[in-house]
Every structure is written in C-alpha cells, then in structure tokens.
Amino acid sequence: RLVEELRPERDLSYTPLFQAMLMLHDEPLAPADLPGLAVTPLILGNGAAKYDVSLELTDVPGGLTGLLEYDAGLFDAATMDRFARHLETFLRAAVAEPGRPVADIGLLDEAERRTILREWNDTGPGTPLSDTVPALVARQAAAAPDRLAARCLDREITYGELERRAGAVARALRGRGVGEEDIVAVLADRDIDYLVVLLGVIRAGAAFLPVDPRQPLNRTAEVVRRGRCALVIADAARTGDVVRALGTDTGSPVVPLAEMLAGPDEEPGAPACRPEGLAYVLFTSGSTGTPKGVMVEHRGMTNHVLAKIADLGITGADVVAQNGPQSFDVSVWQFLAALTVGATTEILPDEIADDPGRLLAETERRGVTVLQVVPSMMRALLDEAGQLGADCPPLSALRWLVPTGDALMAGLAREWLARWPGVPLLNTYGATECSDDQCHVAITTAGELDGSGPIVTIGRPIAHMRAYVLDPRLAPAPVGVLGELYLSGVGVGRGYLDDPGRTAETFLPDLFSAEPGARLYRTRDRVRRHADGTIEFLGRADNLIKVRGFRVEPGEIEAALERHRAVREALVVARRDHQGEARLAAYVVADPGPGGDAELTAELGRFLRERLPDYMVPSVLVRLDAFPLNANGKADRAALPEAPEASPARSFVPPRTATEREVAAIWAEVLRMERISADDRFFELGGHSLLATRVVSRVRQRLGVDLPMRVMFDADSVAGLASEIERRQNEESGADEALGAMVAAVEELSDETVAQMLREREES
C-alpha cells in the first residue's frame, strides 16, 4: 500500500524508506508484485570500506556482477571508474586471446590511449625551427642598437655593442681555424665579457663548452681533454694554471680572454650557425667515474628559449637574472633568452648569486622581474626573509620565481606564496640531455596545491616537446600508474660525445612518432600521470642523485675516493636532511690511520675537494670495517647504516672569545646543531657551499664584516673564521682612524692654502 501511494515514476531505490521496505519484506519483490516499478537488488553497505580497495565478483545467470569498494579518503570515484575500465579492457583482451602472455595485455582502451599519446602531447610539430638564437639577437640589435642588453654590477653593454663585439670574437675564432662543429671551452667568471664570448662562439658556428672556474683544475683539464676542444679561452687570472694543468699533449691551445676580445669593432655580418648545428656541450657527472659530455643542437636551444619567453610572458620591459653557474644548463637560457626579445640580462656574480641576503637585495635594487633558483636556495631566501623581518626587500618588480633542478616540495611552494603572494611560481623539469627544461607548470596561488601530494607536479611538456610515461615494455602506462619518463621532440640532444654505446642505451627510436629519425630520451625518472595530464615526479629509477640542482653519479665520487691510498672500497648514497634536502653520504672501507676516524674523514674531504666540484663532495663520511652484502654477494646499498648528520667530531673545545662564541652560535643555527666546538670544521659538520652563504650573510648582519665566500673554505674552523673576522675588523678600524686623521689635517688648512692647492692642481 505504501508503494502504491508513492509516485511510481520516481526512482525509489535510494530513498531510506524504500531501502527499509526491501530489507523487511519476507519474500523477494518482483515486478509482478508492484505493477509499474522496475525492481533491482540493492546491496547495502555500512558506509565504511574494510580495505583500501576490494573487488568482489559474483556469479549470476549469464555472467558475473562486480562490487568495487574503496576508501574514499584514498581514492576518488573517477579513479575507481578508470580502474574498472582497465579491468574490463584487460578481461576482453584475455578472453579474445587466451594464449597471450599476461604481461603483453594492455590496460588502455583506444580513447585513453589517444588522450595519453596524442592530446596531452599536442604541443606542436617536431620540425626544426628556422631561427637560431644569434639570429634573433642580431634582429634586436638592428632594431634598437642603443637599447641596454646586459648589465653586471657597474658595467653595461648595449645591443649594438654586444653584436659588434661578439662578431669580432667570431672573426677571431675563424681566423684561428675554428669552424662549424668545433668545440671551444671557456674558463672565466660570469660577466659582460663572458656573455660576449659565449655569443661569439655560437655565432661562429662552433659549440660552446662552459667550464666553472670554481671546480678543481684537474677536473677542468679532464673536461677539456674529453671535449677534444679546438681552443680554450681563459681569463688572465687562470690562463697560466690551465696551461700547466693541460700540459702539452691535449692539442687544445689556451688563448687569453683579452686577446679574443681585442679584435676590431666592425659590422659583424650574419651568424654562421645553423638550426641543426651543435650549439653547446655540457659535461655532467658520469657513472663510470669520469664526466660525460652532452651535445645539444641550436634548434633545441632555440626551442627552449622561446618556450621560456612564451610561458613567462617575457617582453622588452623585463629584466632576467643570470645567476646560474657556468656548468649548470640553466645558465644558457638565463644569458640569452632576454636578448632575443629586447629585454635586459642582469648578470649577478657568484658573490651575489650564492648569498641569499645579497640576492634578495640585488633582485630588488636592480628591478629583476624573472629569477630562477634551485629549491634549496628558495629555502635559503625564505629563511633570510625571516631573519630580516620588516627589513626584507619586497621584491616589488619580481613577476616570476622559477624553481628548477630538483623536486619542489609543496610545503616550500606554499611558504613562498604566503611570503610573496604576488610572485607566482613556474615549476620546471628538465634533463641536460634535452636542452634544459622540457616541462613547465605555473602555480599562482596556494589553493592550486590543495589535494596535491608532497611534491609539486612538473606539469606538461613545453612547445614542440612530448613526454611519455612508459612501462618496462615501453608501452604507455595508464593514468595513475607508475612508469618511467621518456622525452621526445626538437629538444632531444644528439647524445654523448664520443660515446656511441651509452648514447644507444639512452637515446631510443621514438615508437610513437611518424617523424623519420625521431628519438626518445630515457630520463630514468619514475613518474605517473594525473587525470588532468600533468606529470608527478616520484624519484629516480637508478642511483643518480640531484644535489642543489646538479646531477651527481655516485660512481664518479666512489672512483675518486678509491684513488686514495687508505681506501679499499667506497659507496656513495643520497640521504635527506631534516629539511628534506638531498645530501651525499660516503661509506668507505679503509684503514683509520693514527688519528682515528675524525682525521681520516678530514683527509678524505680535502682529497675530494682537490678533484671534484664542491657539490660532489659528501657532507658526511662513514668508515666501516666491511660493507653489508646481499644474497648475491654484492654490496647492499639499502642495508648501509643510517649516516649521522655529520662526520665524527673531535673532542669538544668551548669557544673562547666573544667572536668565536658568535660564530659558533651562527653555525649552530645554520647547521641546526645544539653545540659547536671551537675546533669544529664547517664542511666536516655537514656544511656545503649554500649553507656557507648563510653563514656569510649572518656574519655580515651581526658582526658587520663582509666576508668573501673563499674564506669559508680557507678558514673553515670556528677559531679560524673568528680570527679572520677579527683581523678584518681591526683593518677596518685602522682605516677609519687613518681617514679620521686625514680629515682632521685637512680641516686645519686655511682657506688660502686650500685655494692655492686647487690653483696648482688646475695648472698642472
């Protein structure tokens, strides 16, 4: 009677009253009992899933019915619908071909396959770009020769002057027999002259090989030899050292930078480079113990530059910071992108780029509108802002911050947007083998991070690039399923210099492209797609480590350690510190020596700093009697003991002077340690160059002494650094006294004497 009184055209199945009636009815209801109603069984749940996901299949006449139950706190309905479709696709294929191996059966239907492979990779054709960066810069120089092109501290250069001077460098190179595809290494500080030479080399059609002056000379010599450089251009301070380090057997003449810049200032003529020509070579850490050279062509470099301009909206009114080290691939677009649209490149030398306090101040003072930093520097900028409080620069001109080089944690992104809500983030992802960044994603508000995981996504591929998430059989992985990231498009580099074997392993034929010769670059990064097509980075599939944006192969550090006479075996792994930043931990099987483990670790640290760049020197070294082994008798990295925050310390010596106590307090803050001994050494406590910049910044704020970064390496104990600070304070005090005496002497002169002195000066 109750049912008859209700309107039979309504769907009653979800009303509580009807559910109760179905449960209490003695016999199953049938359509004959209730004319006008379609009755179906209703499975009632208690509102809570027993498991994260469970699938229940039940036999019914003519087939199966299924119930997919899931924890709504872990999954959403769209994900479960997708899982169900994947299961259906799999079952249909299995029934159609029962003899087919399970591993060969895909989960994607045609619609999802089309979305993953085509729609989310519809970024433009993969054809070569017709322009090159030097040609675009030349166009700007012709249109506005007096416009400011670049600035470094108090030096400036216009577009017209930059074009003429770069043309002179190109002519000088050709005069020395340097031509297309030749490799030219440049060892100099980042400044206006460096930019002129960079542009001159690629204008000449040669390939540019940047060498960081801060890396050990032994490594510089190795890079030049492996690069088979036609020429090495070095500044005056380093020419002699490079010549001695290279010896006479390399075939790479060393030419002073000033000599290359001394050519006549004439009209430069058209650039000699071609889109398919080699633009630059970068050496990265190598798994075999030696660095490997990556080759990138002009069309890839141009494509990335244009993508940055488009996604950041860079115009002639912008000021783009150039703060990346020479050997970091981001330095290429930082130097050149602004120049292709008539904007200004603001070159910030190392002493500014590495110091969070000065970087904030100069970004504000120089009106920087686009700044790129690694996440660890982003953290340092936020820490510095907290220290400065109300005195922190507002970054009033900054339009974009561009995190790069490592995974961006969502918490860090939220902190940035809370501190500077008017400065959005363009998170980027890239591999050196593929012309810098290949994926972008913009984050304008903290709300866009809601519901995301702990790591910010890397977005989607930039223009003319494609990104594929593939399983071990190189088949597309479904949305939400873990896979490995492969890249394709015009930005994929040529491969590794003089290493066809490694190139063939890493650069594969593109199975998804109809373009002849198209290739896939295997990144070895573990990722998965989100339902909106964005890509989530989940870590490495191999042992490669990212440290402050630099790629590090543990094998190269291990090989360097094993060259030390006391070390029999070495293993290097990545550990995360209390802030989530990657740090290197080295484990060695070695003789401790007469001074024990503390002396050994100090010796090994010095040994490595003479051979490897700073970012490749482990922050902690642990001596073991033997390495743990796996079932196959090989060293088991996963079973290594947890590394301490720092290497074994010496006995505690309390800081003795006021300056030592202040230095120790600063170190304790930066390193997040409870107490610091007067004899402790910064780098043996787990410090690295970026943390050292924070020490320098705090010393400047609290003690009024502006220390060069070099001091942190030369006097890296508390006592040594305190002594250097006091020496500089005394010098400044003496200079102030001398100046005061001079002023007093001048004040004692009569007006007639001063007038007579001025007349004599004018006459002379």
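Guide: Ala, Val, Leu, Ile, Met, Phe, Trp, Tyr, Cys and Pro are counted here as nonpolar, Asp, Glu, Lys and Arg as charged, and the others, Gly among them, as polar. The model is a predicted one.

By this classification, the lining of the largest cavity comprises 8 nonpolar, 2 polar and 2 charged residues. The residues in question are Leu209, Pro210, Val211, Asp212, Gln215, Arg219, Val223, Leu282, Phe283, Ser327, Pro613 and Tyr615. The cavity they line holds about 120 Å³ of space. Three elements, β6 (207-211), α8 (217-227) and β9 (278-284), each contribute at least two residues to this lining. Of the elements, β6 gives the most, with 3 residues.

By class, the lining of the second largest cavity has 5 nonpolar, 4 polar and 2 charged residues.

Attention may now pass to a single residue. Valine 178 is found in the loop between α6 (159-175) and β5 (183-187). Its relative accessible area is 4%, and it is therefore buried, since that term applies under 20%. Apart from neighbours within four places in sequence, valine 178 has contacts with Leu173, Val184, Ala206, Ala230 and Leu231. Valine 178 and alanine 206 stand 28 residues apart along the chain, and their C-alpha atoms are separated by 7.1 Å.

Two packed helices are described by the angle between their axes and the distance between the axes. For helix α5 (residues 133-143) and helix α7 (residues 192-203), the axes come within 9 Å and cross at roughly 115°. The crossing of α5 and α7 is left-handed. On the α5 side, the contact is made by Pro134, Val137 and Ala138, and on the α7 side by Leu199, Ile202 and Arg203. Sorted by class, the contact of α5 with α7 has 5 nonpolar residues, no polar residues and 1 charged residue.

Conventions:
Residues numbered from 1 in each chain as written. Predicted model: local features only at pLDDT ≥ 70, side-chain atom pairs only at ≥ 80, totals over all residues. Heavy atoms only, no water. Axes fitted to C-alpha atoms, helices over the stretch in contact; angles between N-to-C directions. Helix = DSSP H or I, 4+ residues; strand = E, 2+ residues; numbered from the N terminus. Left-handed = near helix turned anticlockwise from the far one by under 90°. Contact = heavy atoms within 4.5 Å. 1 Å grid on protein atoms, 1.4 Å probe; cavity = no way out; pocket = protein on both sides within 12 Å on 5 of 7 lines; lining within 4 Å. Points joined across faces, edges and corners; volume = space filled by probe spheres on them. Buried < 20%, exposed > 50% of the residue type's maximum accessible area, 1.4 Å probe, protein only.
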